[in-house]
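Hello,

Here is the structure we spoke about.

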Amino acid sequence: MDNDNDNDNGLIPVVVAVVLVQAGIALLALIEVILVSAFGFGQPGLPLLATLAGAVTMLYLARAVRRRRPRARRLLLAAEVLMITIGVASTGLALLMTGRPIELVPAMTHFVMPVAVIWLLRRPEVRAEFPRRRRGEMPAPLVMEAS
Amino acid sequence: MTRVLAHSETPLTRGLDEYIGSPMYAVLPEHGMALLGFFGLLVATWWVRRRARRDALRPDGTMAAWLRLAPEHRFLAWLLTASAVIHLGLTLGHEPSGLTLLYAIAGVAFARVARRLVAGRPWRRWTRLILVGSLLGYAVSSMAGGSPDQVGMSTKLIELTALAIAATPLRPGRWRRLAASTGTVLAVAVVGIGAWIGALGAGEGGHHHGEVPPPGVLLPVGDDRPATAQERAAAEALHAATVTALSRWHDPAAAAADGFQTDGIRGLDFHAPNPRFQNDGVVLDPSRPEHLVYALGPDGPVLIGAMFEMEGIGVAGPAVGGPMTVWHAHDHICVTPAPPSIAGLVSPYGACPLGAIAVPITHEMLHVWVVPEAPEEFGDLDEGWLRAYLNGELRAGG
């Protein structure tokens with residue numbers, strides 16, 4: 001049956017899907033910075049490195065969340081909070097300068113998607129999928145995935 | 001057209017409605033019904049969940065079946081339904097045409113695969129096919145001249161998320177997962193690149209736009225009319241005064257001595273600001289331009305013009321030459337705070353590069369070009385001509 005999915009159940013696939021889209025958005029921003037710097041505008045150093053790091057981090061987090069890595073949940077929460085913070089700053093600036101909030105798509109990118117991920121990650125059934133490692137505890141042995 | 005651009009003794013102020021910008025950052029009127037339908041779906045979802053909590057749904061009904069699905073499939077069915085509603089809304093908002101028919105077909109197709117998913121019938125192959133078709137169709141139509149707007153791009157975000165879920169492999173396997181993840185990320189990039197191309201190409205007119213500025217540029221609403229003799233004379237006087245005043249800053253070192261920030265000149269339009277002139281309360285004074293513009297040629301920096309800048313957001317520049325001297329502003333630019341620098345424009349997905357913040361609007365500005373024989377004296381300078389000038393091709397040819 002198409003609705004049976006024996007390797008990924010619950011809400012984790014939804015989190016992974018949203019994070020993959022966020023990684024794609026970061027990749028497009030990276031392409032833009034590269035093009036902007038190629039045409040000689042601005043000083044691309046910081047945004048180039050930061051966007052590259054952002055895109056790689058989101059790709060890594062999508063993989064780590066899918067594999068239920070212990071720290072992935074907290075790292076992803078921090079990344080989403082950062083995205084909301086950028087959204088709050090952009091909205092504040094837009095309200096201050098134009099008297100209008102940001103548009104629909106930026107609102108989805110900076111608020112709806114991160115809030116959805118945070119909401120899903122904070123649900124008990126998702127929390128339960130990420131084992132908490134105590135201080136001094138050895139990491140769980142790696143289990144090879146069936147291919 | 002609502003306003004005649006003219007010189008004014010008292011500064012005019014302009015609201016956002018008095019500018020024309022790229023449709024990429026707006027909701028097109030034809031897409032209002034689709035947006036309304038989407039918000040209607042949100043309300044309907046809330047209502048269904050409320051009824052479910054009260055046990056008021058028919059146990060054998062579609063809504064109850066939807067709520068019994070696995071969470072990811074429930075979410076996917078909702079995303080597909082959202083896309084169906086938006087496409088059907090687009091059908092209602094447009095005049096009958098081939099494109100409208102495609103919207104209707106896409107709306108029905110999305111509704112049918114959502115129904116199959118809820119009914120427990122095979123859905124994966126059809127869903128992937130329809131999603132990829134819709135996303136590719138959008139990218140291709142954008143590249144063919146249709147500028148994206150906020151409704152179009154939010155629909156694509158919904159569909160891309162749906163694709164990411166639908167592409168999750170049914171059976172485990174590292175390579176299958178890698179292919180699915182890579183495909184999703186690439187799909188986001190391809191749709192985004194298509195949207196960029198569409199938005200940049202919409203300046204030449206396209207899918208219900210006519211002529212609009214490229215993304216990041218705001219032009220005041222004005223009359224499309226020739227300049228009067230008085231305006232022409234005023235524009236020529238301004239240009240001549242600027243050429244004379246700027247002659248002392250051909251050497252960037254001389255400009256730096258007068259307070260212009262000329263460090264790191266590169267590219268074809270390096271703007272060197274003068275913070276002293278930016279905040280002196282004087283506007284459009286050729287002897288106190290807010291920016292000098294240099295281009296880096298094979299023999300070093302070449303002074304190509306000046307940029308005058310207003311003080312204050314929405315304060316209209318004095319269009320002394322009428323339609324010859326139209327001031328412009330910028331919108332949705334991404335700026336890094338340290339060092340203050342432009343990092344790009346807000347992308348079709350509404351994001352800036354990391355470390356940059358979106359600035360919604362800038363002061364108004366006007367470029368005056370002082371390069372001999374330049375095809376334009378104000379506004380945009382043709383890049384091809386400038387390259388040829390810098391390379392000495394024009395001078396050699398006479």
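At roughly what angle do the axes of helix α5 and helix α7 of chain B cross, and within what distance do they come? This is a predicted model, and in it the axes of α5(B), residues 124–143, and α7(B), residues 174–201, come within 7 Å and cross at roughly 25 degrees. Angles under 35 degrees count as roughly parallel, so α5(B) is roughly parallel to α7(B). Their crossing is left-handed.

Several residues make up this contact. From α5(B) they include Leu135(B), Tyr138(B) and Met143(B), and from α7(B) they include Val190(B), Gly194(B) and Ile197(B). By type, the residues of the contact are ten nonpolar, three polar and no charged.

Next, the two chains. In the model, 52 residues of chain A are in contact with 56 residues of chain B. On the side of chain A that touches chain B, the elements giving two or more residues are α1 (12–38), α2 (45–66), α3 (72–98) and α4 (104–121). The most come from α1(A), with 16 residues. That side of chain A divides into 31 nonpolar, 15 polar and six charged residues.

Last, confidence. The model scores ipTM 0.86 and pTM 0.86. Chain B averages a pLDDT of 88, and 94% of its residues score at least 70. Two stretches of chain B are below 50: residues 1–10 and residues 205–210. Beyond near neighbours in sequence, residues 1–10 have 23 contacts in the model, and residues 205–210 have 14. Where pLDDT is low, the predicted coordinates should not be read in detail.

Regards

Definitions and conventions: Residues numbered from 1 in each chain as written. Chains lettered and ligands numbered in written order. Predicted model: local features only at pLDDT ≥ 70, side-chain atom pairs only at ≥ 80, totals over all residues. Axes fitted to C-alpha atoms, helices over the stretch in contact; angles between N-to-C directions. Helix = DSSP H or I, 4+ residues; strand = E, 2+ residues; numbered from the N terminus. Parallel < 35°, antiparallel > 145°, perpendicular 65-115°, else oblique. Left-handed = near helix turned anticlockwise from the far one by under 90°. Contact = placed C-beta atoms within 7 Å. Nonpolar A, V, L, I, M, F, W, Y, C, P; charged D, E, K, R; others polar. pLDDT = per-residue confidence, 0-100.
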